[in-house]
Amino acid sequence: MAPVMFAALVVFLLLGYPVAFALAANGLLFALIGIELGLFQENFLQALPERIYGTMNNDVLLAVPFFTFMGLILERSGMAEDLLDTIGQLFGPIRGGLAYAVIFVGALLAATTGVVAASVISMGLISLPIMLRYGYDRRLASGVIAASGTLAQIIPPSLVLIVLADQLGRSVGDMYEGAFIPGLVLASMYAGYVFLITIVAPGRAPGLPPEAQTLRDADGKTRRLSLLVVALISLGLAYGYMKLFTSVKAGADFVVLTMSLMVAISFVIALANKLLGLGLLSRMAEQVVFVMVPPLALIFLVLGTIFIGVATPTEGGAMGASGAILLAYGKKRMTFDLLRQATESTAKLSAFVLFILVGARVFSLTFYGVNGHLWVEHLLVGLPGGATGFLIVVNVMVFLLAFFLDFFELAFIVVPLLGPAAEKLGIDLIWFGVILGVNMQTSFMHPPFGFALFFLRSVAPKNPYKDRVTGKMMAPVTTGQIYWGAVPFVVIQCIMVALVVFFPQMVMHYKASAVQLDQKAIDKQFESIQIPGLGGPGLPGGFDAPKP
């Protein structure tokens with residue numbers, strides 16, 4: 001009955017029924033069929049209310065509305081616009097500079113918002129017209145913007161990582177720490193592809209002309225070197241302070257606190273330079289520091305506090321949402337209308353996620369009741385090649401399913417069936433979750449149903465338009481150009497999946513920061529326990545308490 005049930009679900013989804021209702025209806029329908037055929041015990045259904053209440057009572061999933069709200073507030077606060085404008089000026093003169101700026105800002109937005117729609121729409125509205133204005137190839141420009149926006153799905157605080165951790169029964173903090181390096185490596189691979197394009201076909205990604213570089217000093221020079229000097233001085237002071245005046249000498253805590261201190265010192269130097277008119281920094285260096293501080297401060301507030309163990313992911317999300325509100329207020333863009341729009345959008349997405357999860361609970365109850373999980377487990381564990389064969393088959397299957405399902409549907413339907421088989425094969429579930437996270441990221445980039453492509457299509461020019469700076473008539477961006485632009489980045493994402501599989505240490509470093517328990521010390525503590533009123537460690541009648 002289990003394979004028939006799974007096949008029926010696929011049919012329901014292909015017919016276009018909403019996922020949440022298709023899952024729930026499928027579960028209830030086959031429960032009734034199973035009861036009639038004697039394959040399903042009706043008392044299983046008594047567990048249904050408790051399973052649904054357990055979903056509503058899940059503290060981990062509270063992080064989803066917090067991070068969604070934070071991303072939507074930041075999208076409207078102008079932070080993305082300031083970042084893209086300033087970083088575009090910083091990288092602009094080199095070939096592919098604007099593309100590098102988009103990737104860099106995409107990674108920063110990913111580490112602050114965790115919401116793909118916010119990142120893609122912001123960068124599409126701001127960067128795409130500038131890239132088209134200065135002669136970028138339309139396929140490259142649209143591909144870079146869509147791919148950089150999807151970094152929000154693998155760089156923490158990602159919504160997909162929260163859901164994966166919940167479905168695999170693992171810590172969200174460990175999942176975040178494990179995914180951080182693969183996320184940065186993926187962003188570097190995007191930049192490497194752009195560099196390759198600038199070597200092979202430099203005309204597809206030209207540098208900014210001199211007249212477009214507006215962040216200059218009074219004498220017309222940019223003096224980018226002063227930014228490097230400030231960064232090195234700040235890093236040296238922060239590193240020296242951490243080594244000399246604190247007890248934290250290594251590990252994630254040391255890195256997070258050193259970087260946070262470096263950002264604070266850079267900000268103080270830039271502020272003193274501006275207020276006192278010292279003239280130590282160029283206009284560009286000063287602007288870059290001021291623009292970079294808000295997102296980096298938010299990254300420390302959210303990820304830093306999670307990594308060093310001060311806050312849980314849910315608490316980190318709450319602090320991030322509060323920080324986003326303060327940031328928008330500081331930029332004088334915090335209005336009641338903005339707050340209402342962000343709250344409504346957050347409520348819609350959270351309800352969407354919760355309804356899919358409730359439907360998945362109903363489906364899985366019946367599926368488990370007819371021993372579907374054992375069928376899937378035996379099917380996957382029995383694959384030739386052991387753990388390697390399992391990983392190959394699962395990754396190919398998830399890649400193909402991502403053409404038709406988005407990551408929430410994959411996480412709630414497929415992942416709970418894969419987790420037990422992976423654990424039985426001795427695969428670390430955090431590593432497995434990161435592999436699936438990188439793989440599911442392709443669901444945003446797959447033509448023809450990739451959501452990132454739809455988001456970009458909604459803001460890319462559909463008709464010829466007059467450029468507001470040059471006054472020239474510009475050709476529109478076609479849907480075909482957006483799709484073809486995405487293909488190289490989907491290939492890069494697949495290569496990244498292979499790298500995480502072959503180099504597990506990229507993820508496994510999360511174990512270094514885990515609390516190490518000394519089993520001998522624990523045994524000794526148990527042996528020394530005396531039971532009150534019984535005159536010592538022994539029990540009455542000569543029965544001793546067994547060792548744990």
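How many nonpolar, polar and charged residues does the lining of the second largest pocket have, by class? Point 2 takes this up, after a remark on the model.

1. This is a predicted model, in which local features need pLDDT of at least 70 and side-chain atom pairs count only at pLDDT 80 or more, while totals for chains, interfaces and linings use all residues. Residues are numbered from 1 along each chain as its sequence is written, and side-chain values use heavy atoms, with hydrogens and water left out.

2. The lining of the second largest pocket has 15 nonpolar, 4 polar and 6 charged residues. Here Ala, Val, Leu, Ile, Met, Phe, Trp, Tyr, Cys and Pro count as nonpolar, Asp, Glu, Lys and Arg as charged, and the others, Gly among them, as polar. The volume of this pocket is about 580 Å³, a volume being the space filled by probe spheres set on grid points that are joined across faces, edges and corners. A pocket is an open set of points, on a 1 Å grid over the protein atoms alone, where a 1.4 Å probe fits, with protein on both sides within 12 Å along at least five of seven lines; lining residues have an atom within 4 Å of a point.

3. Of the 25 residues that line the second largest pocket, Asp85, Ile126, Ile130, Arg133 and Arg468 lie nearest its centre. Two or more lining residues come from each of α5 (79-91), α6 (97-112), α7 (116-133) and β1 (465-466). The most is given by α7, with 7 residues. Helices (H or I, at least four residues) and strands (E, at least two) are DSSP runs, numbered from the N terminus.

4. Helix α2 (residues 19-37) packs with α15 at an angle of about 20°, and their axes are 7 Å apart. Axes are lines fitted to C-alpha atoms, for helices over the stretch in contact, and angles run from 0 to 180 degrees between N-to-C directions. The two helices are therefore roughly parallel to each other; angles under 35 degrees count as roughly parallel, over 145 as roughly antiparallel, 65 to 115 as roughly perpendicular and the rest as oblique. The crossing of α2 past α15 is left-handed, that is, the near helix is turned anticlockwise from the far one by less than a right angle, whereas clockwise gives right-handed. Residues in this contact (heavy atoms within 4.5 Å) include Phe21 and Phe30 of α2 and Phe355 and Phe363 of α15. They divide into 13 nonpolar, 4 polar and no charged.

5. For helix α13 (residues 283-307) and helix α14 (residues 313-330), the packing angle is about 165° and the axes are 8 Å apart. That makes α13 roughly antiparallel to α14. The crossing is right-handed. Among the contact residues are Leu298 and Leu301 of α13 and Gly316, Gly320 and Gly323 of α14. By class, this contact of α13 with α14 has 9 nonpolar, 4 polar and no charged residues.

6. Helix α8 (residues 138-149) and helix α22 (residues 479-502) pack at about 60°, with axes 7 Å apart. That makes α8 oblique to α22. The contact includes Arg138 and Arg139 of α8 and Trp484 and Phe489 of α22. The contact of α8 with α22 has 6 nonpolar, 4 polar and 2 charged residues.

7. The peptide bond from Pro156 to Pro157 is cis, with omega near 5°, and Pro157 is in the loop between α8 and α9 (159-168). Lys332, although not a glycine, has a positive phi of about 60°; Lys332 is in the loop between α14 and α15 (336-369).
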